[in-house]
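Have the model open as you read.

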Amino acid sequence: MQSEQPLKVLILAAEIEPFVKVGGMAEIVGALPKALQALGHDVRLVMPRYRQVDAEHFQLTTSLDTISVPMGNFQVSACVRQAEIGNHIPVYMIDAPRYFDRENIYGYTDDGERFILFCRAALEAVRALGWSPDIVHCNDWHTGIVPNWLHTLYREDEFFSHTASVYTIHNLAYQGIFGYRLLEVAGVAANGFVYPQIAELANVVDIMGRGILFADAVTTVSERYAQEILTPTFGEKLDHMLRSRRDRLFGILNGVDYQENNPTTNNHIHTQYDATSLEKRAENKAALQEQAHLPVKPDVPMLAMISRLADQKGFDLLAQIIHPLLAQGVQFVLLGVGDQHYHEMFQNLAARYPDQVAIFLTFNTEVAQRIYAGSDMLLMPSRFEPCGTNQMYAMRYGCVPIVRHVGGLADTVQEYNPHTSDGNGFVFQNYDAWEFFAAIVRALALYPFKNFWHTLQLRGMAADHSWNASALRYVEVYRNALAYHQTGK
């Protein structure tokens, strides 16, 4: 049957782990292809070749010496390098030094042009390679122009005539908003602006909005976030458009990579353990306390945050309650980078409470894994959270999550009920500092009762948030997108 045929899936993303990671998208795009390949599909990826991608370290080869990429009224030459992830999954890298040989990944005045060039080069590269995809899976604003092109510039192109587009929203807050000239560079100025009904967007080019509008199917990274973004509260001014496409919108919870994050096999933690040897976890707590230069006290609750330091992640709530929280006698460890005023806040806290507060103002995967393995509770009081993976990693290591009931956090963490023993963490509803504090206090009240706490840890460790189930859902959406594409709009 046709529906059982393996699919050819081209995944476009601005960042892919292990090559470049700025946010969570890189982790997701690096993991999903492996799960899709395990299901029998032919998956290939494309990303820019940034300065940070070392040719020797990643053993880059050259797939295409040169391709010509239309950019408005002129042509740009690019080279296509190739690396691999997983079991020989090709990762094509668009090598255009003028656009990508820079100190940073994002943050330039020509970011619009840079990613238009990347997207056009990606499509022209697979054409030159003679590999016609069934699905182009686009991620976030950087690739939002591609669904637009498949309905305009490439509509009559035989090579892409059967190619459907799937567009994944990782974070609706970053939409790629530019001026009219970008439409000319992208070759779609004839379409003009597409949002006359939304005052704030009527005279700007919103690349993510175009992805949502033109894709054959749209996904986001948790079921709850897919519902939340249909509302003005979470819709970032695109809720009207999203509601008009709700029949094409699917929420698929991100998976997590249990090969990289497994306390049974992880060589970066002090002592390996599993659900049958949870007592060994105490050795990881002691090792973390030593690394963090905190007193080694096994019975002191150790709370952690691993996060970008930004208001979205709830640090404004934490700032309001940190002093009464530390008055409970807990230890607190932080790993992350972000807004300078939060760097200063935590540096001041660490100086004032040297026996209770430890900070790592960096991002380091190995340190993160040691924090999961050694701390007792992970705090995630996010204002919004499309999916979140830290809470899933924490549970895998027997670290109990304390989260706000929002987005993917609501889909993965349920309030512990001491009467029924249901639930796997502690949850608060409203974006309120004292509701957050109350959730922490409930956790601290349970912590001394080791049998109950042990049960809570085991429940988290037993949860299956692997990529297998998520990959099956993506395949289902890919097939839906193909069906939508064949019927037209």
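A disulfide here is a pair of cysteine sulfur atoms within 2.5 Å. Keep in mind that you're looking at a predicted model. By that cut-off, the count of disulfides comes to zero.

Now look at Cys 399. Its closest cysteine sulfur belongs to Cys 387, and because the two sulfurs are 17 Å apart, they're too far for a bond. Cys 399 counts as buried too, at 1% relative accessibility.

On to the helices. Helix 1 takes in residues 24-38, which makes 15 residues. From first C-alpha to last it reaches 22 Å, close to the expected 21 Å. Most of helix 1 is covered, with eleven of its 15 residues buried. Among them are Met 25, Ile 28, Val 29, Leu 32 and Leu 36, along with Glu 27 and Pro 33. After helix 1 comes Gly 40, and its phi is positive, near 100 degrees.

Further along is helix 3, with 19 residues, 111-129. Its first and last C-alphas are 27 Å apart, close to the 27 Å you'd expect at 1.5 Å a residue. Helix 3 is mostly covered as well: 16 of the 19 residues are buried. Gly 130 follows helix 3, with a positive phi near 75 degrees.

Note on methods
Residues are numbered from 1 along each chain as its sequence is written. This is a predicted model: local features need pLDDT of at least 70, side-chain atom pairs count only at pLDDT 80 or more; totals for chains, interfaces and linings use all residues. Side-chain values use heavy atoms; hydrogens and water are left out. Buried means under 20% relative accessible area, exposed over 50%, partly exposed in between (1.4 Å probe, protein chains only). Helices (H or I, at least four residues) and strands (E, at least two) are DSSP runs, numbered from the N terminus. The expected span of a helix is 1.5 Å times one less than its number of residues.
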